[in-house]
Amino acid sequence: MRVIFARVVRYMALLRGHSEFAHSGSYPLYRGAYVYGYPYAPYGGSVSKPSVTLPRGAAAVAADASALARRVHAFAAVVVRRLYIAIIASAFMAGATSVASATDTATSLAAAAPRTLRAVVWALRASLSYKRFQASCYGADTEHDEAYQAALSQLHTYWAKQLLAVCRRNGGVYVKAGQFAAAFGGVPREYRTVLSQLEDRAVPKPYKMVRRALERELGGAERVDSIFSSFNRRATAAASLAQVHKAKLADGREVAVKVQYPGLASSVSADLATMRTLAGAASALFPDIQLKWLYEDLGAKLKVELDFRSEIHNSRRFEKVLKEAGEWGGVVVPVFHEGLCSSKVLVMEWIDGSKITDVEALQRQGINPRLVGRQLVKLFGELMFIYGYVHGDPHPGNLMVRPKGRSSWLRWLLRGTRRSFEIVVLDHGTYLEVAPELRRQFCQLWCAAVMRDEVTQADISTDMAGERGGRVLPLLLTQRARNLAEERALRERIGVRTLGDMTSLLATVSRNLVELLRVVTVVRAASAALGVTMAERLQIYSAVAARGLPPVAPWWRRRGREARSDDGSGYVHRSFTSLAYRTQLKCRLVGLGIWSAGSSVLGRLLGTLVSLVEEALFT
């Protein structure tokens with residue numbers, strides 16, 4: 001394109017009478033973002049100002065050439081758009097008759113065609129756009145040119161918004177994939193910010209389809225009528241894989257009925273096949289970007305989630321973990337009516353509550369959002385560091401808060417909330433089982449972080465994620481970029497500058513570790529929305545992680561920088577074989593705990609005094 005552009009410039013120079021410029025050899029085609037000193041940006045925007053003095057008439061000539069290129073690009077875009085509409089219309093016309101009389105499975109397969117087409121069109125347009133951008137900026141200083149970084153950020157934002165629209169229109173697996181991608185730090189910040197707007201909501205299916213699925217799963221129309229005394233035909237929630245209706249059992253108890261979309265298994269297979277193809281094409285066009293592992297992880301999760309019976313088993317085990325951890329009462333799960341459940345239908349207790357990140361709703365009920373956030377962090381600390389059984393999809397849509405008890409000012413003074421609450425955990429389709437050795441390595445890593453022991457952090461991280469991952473892991477866990485400049489500085493520090501660098505790194509790391517990092521990222525985002533700081537998360541995680549440390553082995557079994565634990569559970573860094581080091585860790589955690597509790601109580605007392613003074617002065 002740069003060569004063609006240069007020829008157009010020379011030709012237009014001749015037409016405008018600038019023959020001395022057209023035949024001059026003193027202005028060669030520059031290897032970079034410039035042609036004759038003019039920024040090559042025919043598709044809009046620019047990466048920098050001209051690097052050389054332009055000869056007489058060159059600016060006007062280059063501007064004409066650029067305008068011509070833009071007109072050609074606009075014409076091509078119109079042609080592609082109309083062709084796309086024609087293909088969609090043809091597909092609908094060709095399949096209308098067969099779809100009308102098809103089974104649920106065939107209907108879902110036919111419905112996958114427009115979803116596939118939308119995804120493919122987005123992928124083609126985005127890849128061409130990125131290739132054009134790469135060509136136009138060839139030779140530019142991509143690491144230090146601020147104008148280049150700004151142009152790339154704008155490009156990321158534009159295509160992220162287009163992808164958001166595709167995911168919302170396609171729904172289902174595409175929403176899951178978007179949420180999955182938004183939780184990984186390796187994805188560009190612009191994509192994470194835009195895709196984080198994805199909520200697990202979809203357009204509900206007609207009641208006739210839901211009724212047909214209930215009759216098929218529960219044993220016929222008569223049994224369905226005998227089970228439910230009333231059934232709300234309008235769905236109260238519609239997610240990517242199922243929708244929920246409120247109903248009443250024959251004995252009057254309110255329940256939530258979760259019904260999987262008919263023909264979903266075939267639809268998921270078609271959508272995953274599309275994603276596999278697109279991931280392969282992306283790797284071929286951009287060899288540095290490896291996305292196969294992301295698709296495989298998503299496919300494995302969906303395979304488990306499609307069988308609702310696994311959700312009942314997981315919720316039972318999760319309830320047992322909560323009771324062992326002493327969290328039951330502060331954290332609960334809905335009660336399932338197992339006799340009415342199947343692989344595609346769940347009947348469970350109806351939950352009235354607020355979404356965990358709905359700060360205004362929590363405050364209206366007298367619940368302190370920050371205390372909810374701290375409880376959430378502590379919960380996942382227990383799951384990750386002590387029990388190794390972690391909820392696989394803890395996004396805010398699966399976490400609700402409901403009040404319990406009466407409002408009390410004494411409770412507010414002592415605990416910071418006027419009303420007690422409990423966190424309700426929903427959607428138990430997937431859980432992550434962390435191997436004991438990885439779990440204890442994770443405990444040691446967080447404890448080393450609170451000790452600010454960079455050498456120990458580096459050693460443990462290298463053992464967990466390899467030489468390259470060892471540089472990245474501590475910073476991913478304990479640091480958070482608040483803006484684009486901080487993120488760029490963080491990437492520079494860990495040596496991961498591009499999406500390709502991060503995806504190739506994550507492709508070589510243990511899948512369990514990647515999933516743990518994803519859960520940490522999601523919990524961090526939710527707790528931050530509730531007002532919990534990074535320092536508070538570090539203190540809470542480290543206090544729980546200290547309880548999960550392996551026992552100290554006898555001194556005669558300690559060799560080198562690592563040893564085996566006393567109970568044979570695996571790797572123990574030499575720092576944690578030292579009784580003095582562990583004592584220092586406990587002292588620091590006790591000090592941080594006292595400081596946190598004291599500052600909270602003091603803050604509440606000062607707030608009370610200020611409100612009393614304001615009331616005395618102004619009322």
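Buried means under 20% relative accessible area, exposed means over 50%, and partly exposed lies in between, with a 1.4 Å probe and protein chains only. The views below come from a predicted model, in which local features need pLDDT of at least 70, side-chain atom pairs count only at pLDDT 80 or more, and totals for chains, interfaces and linings use all residues. Residues are numbered from 1 along each chain as its sequence is written, and side-chain values use heavy atoms, with hydrogens and water left out.

**View 1**
Glu305 is part of helix 11 (residues 292-305). Helices (H or I, at least four residues) and strands (E, at least two) are DSSP runs, numbered from the N terminus. Is Glu305 buried or exposed? Glu305 counts as buried because its relative accessibility is 8%. Leaving aside residues up to four places away in sequence, Glu305 touches Lys176, Leu241, Asp427, Gly429 and Thr430. Contact here means heavy atoms within 4.5 Å.

**View 1. Strand 5 and the strands paired with it.**
Two strands pair if DSSP finds at least two bridges between them. Strand 3 (residues 228-231) and strand 5 (residues 242-249) run antiparallel and are joined by three bridges. Phe228 has Leu249 in strand 5 as its bridge partner. Strand 4 (residues 237-238) also pairs with strand 5 in the antiparallel sense, over two bridges. In that pairing, Ala237 stands opposite Val244 of strand 5.

How many bridges join strand 5 to strand 6? Seven bridges join these antiparallel strands. Lys246 stands opposite Ala256 in strand 6. The two strands form a hairpin with four residues between them, and Gly252 in the turn has a positive phi of about 95 degrees.

**View 2. Arg253 and Asp251.**
A salt bridge is a side-chain nitrogen of Lys or Arg within 4 Å of a carboxyl oxygen of Asp or Glu. By this rule the count comes to 21 salt bridges. One of them links Arg253 to Asp251, with the closest N and O atoms 2.8 Å apart. Arg253 counts as partly exposed because its relative accessibility is 45%.

**View 3. Strand 8 beside strand 6.**
Strand 6 (residues 254-260) and strand 8 run antiparallel, joined by five bridges. Lys258 has Leu346 in strand 8 as its bridge partner. Strand 8 (residues 345-349) is largely enclosed by the rest of the structure, because four of its five residues are buried.

Lys378 and Glu382 both lie in helix 14 (residues 369-387), four residues apart, about one turn of the helix. An α-helix has 3.6 residues a turn, so residues three or four places apart point the same way. Lys378 forms a salt bridge with Glu382, the closest N and O atoms lying 3.6 Å apart. Lys378 is partly exposed, at 32% relative accessibility, while Glu382 is buried, at 2%. Glu382 also meets Arg547 in a salt bridge between their side chains (2.8 Å, N to O). Glu382 belongs to helix 14 and Arg547 to helix 21, so this pair ties together parts that are 165 residues apart in sequence. Through shared partners, salt bridges join Glu327, Lys378, Glu382 and Arg547 into one network.

**View 4. Helix 20 and the glycine after it.**
The expected span of a helix is 1.5 Å times one less than its number of residues. Helix 20 (residues 511-529) has 19 residues and so should span 27 Å at 1.5 Å a residue; the distance between its end C-alpha atoms is 27 Å, which agrees. Just after helix 20, Gly531 takes a positive phi of about 100 degrees.

Helix 21 (residues 534-547) has 14 residues and reaches 20 Å from its first C-alpha to its last, close to the 20 Å expected at 1.5 Å a residue. Which residues of helix 21 are buried? They are Glu536, Arg537, Leu538, Gln539, Ile540, Tyr541, Ser542, Val544 and Ala545. Ala543 is found in helix 21 as well, and is partly exposed because its relative accessible area is 31%. The C-alpha atoms of Ala543 and Val450 are separated by 9.3 Å, although the two residues are 93 residues apart along the chain.
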